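Hi everyone, thanks for coming. Please have a look at the structure on the screen, and then I'll walk you through two spots in it.

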Amino acid sequence: MKIPSVLLRFPHRYLFKRMYFKNFHCPSRSDFLCIGSLTLVRPYHTKWMCLSEGLKRELCHQAAPDQQAEGLSDRENRLIDRLYSGLIQGHRACLAEAITLVESTQARKKKVAQVLLQKVLSYHREQEKLNQGKPLAFRVGLSGPPGAGKSTFIECFGKMLTERGHKVSVLAVDPSSSTSGGSLLGDKTRMTELSRDMNAYIRPSPTRGTLGGVTRTTNEAILLCEGGGYDVVLVETVGVGQSEFAVADMVDMFILLLPPAGGDELQGIKRGIIEMADLVAINKADGDLIVPARRIQAEYVSAMKLLRKRSKVWRPKVMRISAKTGEGISDMWDKMTEFRDLVLTSGELLAKRRKQQKVWMWNLIQENMLEHFRSHLAVKDKIPLLEEKVLSGVLSPGLAADLLLKAFKDGL
Ligand SMILES: Nc1nc2c(ncn2[C@@H]2O[C@H](COP(=O)(O)OP(=O)(O)OP(=O)(O)O)[C@@H](O)[C@H]2O)c(=O)[nH]1
């Protein structure tokens, strides 16, 4: 592996800390030597020694954010430093500003955001190492149809967690706002008490962008929240679209919150979502609704027995809760922590997170490629015409796609 040129130019700045931890440091450029695939270092100007592949990888990794930082102005670098230090010290305002930065579509801001994210990621890695490789935060996805009681639940659940010393962040994913122009989650004042809690951070839904764009910013917002010391990150979504599938690919545990109603009222809920749930909570199990809640619970218990097993150590549970009275919420958290411990010790959690990283990368590539394709000069003008022909039935979709792809390839 080639040592990045930036490392060779400024070994002091980039390597000292890391190497110091490894009990040696390289005071100058002349202490590095690359011969073919071998990289030699001379700690303390003494004996030359071969740099192990592991350490090389680590050093190159460390250098990545700094390499990206090249080309940024002093002002941008100061912004990154300010947000980074504010974030890891737990300042909510810095977290909010950092999330706004990652949500930006402006090319320059996107670049600044990526450098900040890399810094946060490096910090994460260090912290996780200190934590014996265990993840710092529990990422939980929460989905349910409108009116299931999601905000009431989050308010009650979040307060219980902050009282127990946790720091909770809530991110709402609401791509409906980009398609319908209105927001299902964000418009009204929700979770008023929790939003006043200093150990909670609630991020209203992004109000623009495609599902892919929202996916990207939510994933990045999760990392920033974790960097800010939030040990429980709740990602909320309305269970009537595609967003919950995307959310399931970002979290450690996926929870479905349902009202005690069946049939028609739950038509919007897709069967696929139930298959993804690690826990189904039937809410509003209080007063007159206790009986229907029991019935729905029994229905879901039998339905879920038929589903394919996704984990070797966990069978999805169906619980009854009341977000209004708080009944069952503490038991639900117990079940959630039981899940987390089981998947952590079995290795499933880390395997899942690794897989999610890959999915995330491909989602980004897909999103960017499509954008690149649509805006490419060779196809941009042809798209409306071919779309029109497909709509009027003159051209088959397959042929239109082939023509556009050919024009794109030829124009590369
Ligand atoms: N009886 C009872 N009512 C509840 C419970 N939880 C929520 N509700 C009521 O259900 C209604 C909808 O609750 P919300 O928390 O706004 O539901 P939501 O899922 O966030 O709805 P959207 O914001 O539209 O997505 C409100 O009138 C709540 O008071 C509960 O545990 N028991």
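**A threonine and a ligand**

Threonine 162 counts as buried because its relative accessibility is 9%; buried means under 20% relative accessible area, with a 1.4 Å probe and protein chains only. Before I go on, this is a predicted model, where local features need pLDDT of at least 70, side-chain atom pairs count only at pLDDT 80 or more, and totals for chains, interfaces and linings use all residues. Residues are numbered from 1 along each chain as its sequence is written, and side-chain values use heavy atoms, leaving out hydrogens and water.

So where does threonine 162 sit? You'll find threonine 162 in helix 7, residues 150–163 (helices are DSSP runs of H or I, at least four residues, numbered from the N terminus). Leaving aside residues up to four places away in sequence, threonine 162 touches Val168, Asp197, Asn199 and Ala200, with contact meaning heavy atoms within 4.5 Å. With aspartate 197, threonine 162 makes a side chain to side chain polar contact at 2.8 Å. That term means a pair of N or O atoms within 3.5 Å; within protein, one must be able to donate a hydrogen and the other to accept it, and residues adjacent in sequence count only if both atoms are side-chain atoms.

Now, the ligand. A side-chain N or O atom of lysine 284 is 3.1 Å from a ligand oxygen, and for the side chain of serine 322 that distance is 3.3 Å. Lysine 324 uses its backbone instead: an N or O atom there lies 3.0 Å from an oxygen of the ligand.

Terms used. Helices (H or I, at least four residues) and strands (E, at least two) are DSSP runs, numbered from the N terminus. Buried means under 20% relative accessible area, exposed over 50%, partly exposed in between (1.4 Å probe, protein chains only).
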